[in-house]
Amino acid sequence: MSGIRSVARGIGSYLPERVLTNAELAQRVETSDEWIVQRTGIRQRHIAAEGEFTSHLGLIAARRALADAGFAAADIDLIIVATSTPDQTFPATAATIQAELGITRGAAFDLQAVCSGFVFALATADAHLRTGAFERALVIGAETFSRILDWEDRGTCVLFGDGAGAMVLEAVQHDDAKGAGVLTTHLRSDGRHRAKLYVDGGPSSTGTVGHLRMEGREVFKHAVGMITDVITDAFAATGESAESIDWFVPHQANRRIIDASAQKLGIAPEKVVTTVDLHGNTSAASIPLALDVAWRDGRLQRGQMVLLEAMGGGFTWGSALLRW
Ligand code: UT7
């Protein structure tokens, strides 16, 4: 079928310099490297420096993605930043990144779907590009979750980290079913679960930023079913399958969730890109961070079929299937 398709032209990422190990965390709260590794697969996470904001992380990732694509900042007319940890309540972190890149045309806005943010932002950018309204988009996932963690709560503070990843998408006319681009996206939300993973503050309720609260076991219980449902939808929409995909790049929350999802879908373990051990859960940044790792180490090749999925607060969940 001919039409416009959103093709991934480049990817980039950034992690703050400071690495926080499980051993260091065990000095702050009652936990152990053994517990964290066994229950989550996480060994370390990166933490933004004082004065280093979400926009700073996202800007570096964006510049790296532009360089990877071989595009100038002026080529971009749409910026979507997926984040739950914006620099300020407003303006959007996307507006800050737009200004820092020297872009004065098009549109820039933030999108908030917590850990599913990158998949939601990718689907939103894809929809806008396919209308013909925009030509080239920067889709950025950037987070500084270290700023909203309760560092006394061992049930959450060991799980999250800071980072950013960015993807450059271009609208391309195509008449080739086998061509590169985003093939399908599937987004879901169910706000009845909102109290299982939330932040206990906000501009309209408390006037404070608040801290992340999570019923981990409850989130875990729903995660695999929700993830596999939207992936089944992606396979049904495209005729692709666990066998035909080359890489499964899931949101990186917990190694056990990733493994159980892959196993339930019949995706071979060697097709799974895992970075949760080194990055922790970076929320909306985790998928583009993982994609960038696989791209730079040479696993991910042009023409390959890539499956993305995420699940997080709301609950929100979603999948995207693209040919790289
Ligand atoms: O990205 C957004 C989506 N978020 C997620 O996907 C997170 C989903 N949830 C999880 O990944 C897991 O539920 C956790 C990693 C958060 C927890 O693992 P779990 O196997 O579900 O453990 P649990 O919550 O059932 O806790 C087991 C025990 C508890 O003690 P009792 O009640 O059995 O005595 C906890 O108090 O482990 C205790 N515990 C800890 N122990 C050492 C909780 N956190 C820690 C800790 N260190 N950091």
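The model is predicted: local features need pLDDT of at least 70, side-chain atom pairs count only at pLDDT 80 or more, and totals for chains, interfaces and linings use all residues. Residues are numbered from 1 along each chain as its sequence is written, and side-chain values use heavy atoms, with hydrogens and water left out.

The protein chain holds 10 helices and 13 strands. These elements are DSSP runs, numbered from the N terminus; helices are H or I with at least four residues, and strands are E with at least two. The radius of gyration is 18 Å, close to the 20 Å of the globule rule for 324 residues, so the protein chain is as compact as a globular protein of that length. That radius is taken over C-alpha atoms, and the rule is 2.2 Å times the number of residues to the power 0.38. Along its principal axes, the C-alpha trace spans about 60 × 45 × 40 Å.

Burial and surface were computed next. Of the 324 residues, 55% count as buried. Buried means under 20% relative accessible area, exposed over 50%, and partly exposed in between (1.4 Å probe, protein chains only). The accessible surface of the protein chain comes to about 13400 Å², and 50% of it belongs to carbon and sulfur atoms. Areas come from the Shrake-Rupley method with a 1.4 Å probe; for residues, only the protein chains shown count as cover.

Charged side chains number 30 positive and 38 negative, and the centres of the two sets lie 3 Å apart. Lys and Arg count as positive and Asp and Glu as negative; His and the chain ends are not counted. Each charge is placed at NZ of Lys, CZ of Arg, CG of Asp or CD of Glu.

A search of the whole structure finds 0 disulfides, a disulfide being a pair of cysteine sulfur atoms within 2.5 Å. The sulfur of Cys157 has its closest cysteine sulfur in Cys115, 16 Å away, too far for a bond. Cys157 is buried at 1% relative accessible area. Cys115 is buried at 5%.

Gly207 sits in the loop between β9 (197–199) and β10 (212–214). Its relative accessible area is 59%. The C-alpha atoms of Gly207 and Thr83 are separated by 19 Å. Ala67 belongs to helix α3 (residues 54–69) and is exposed at 61%.
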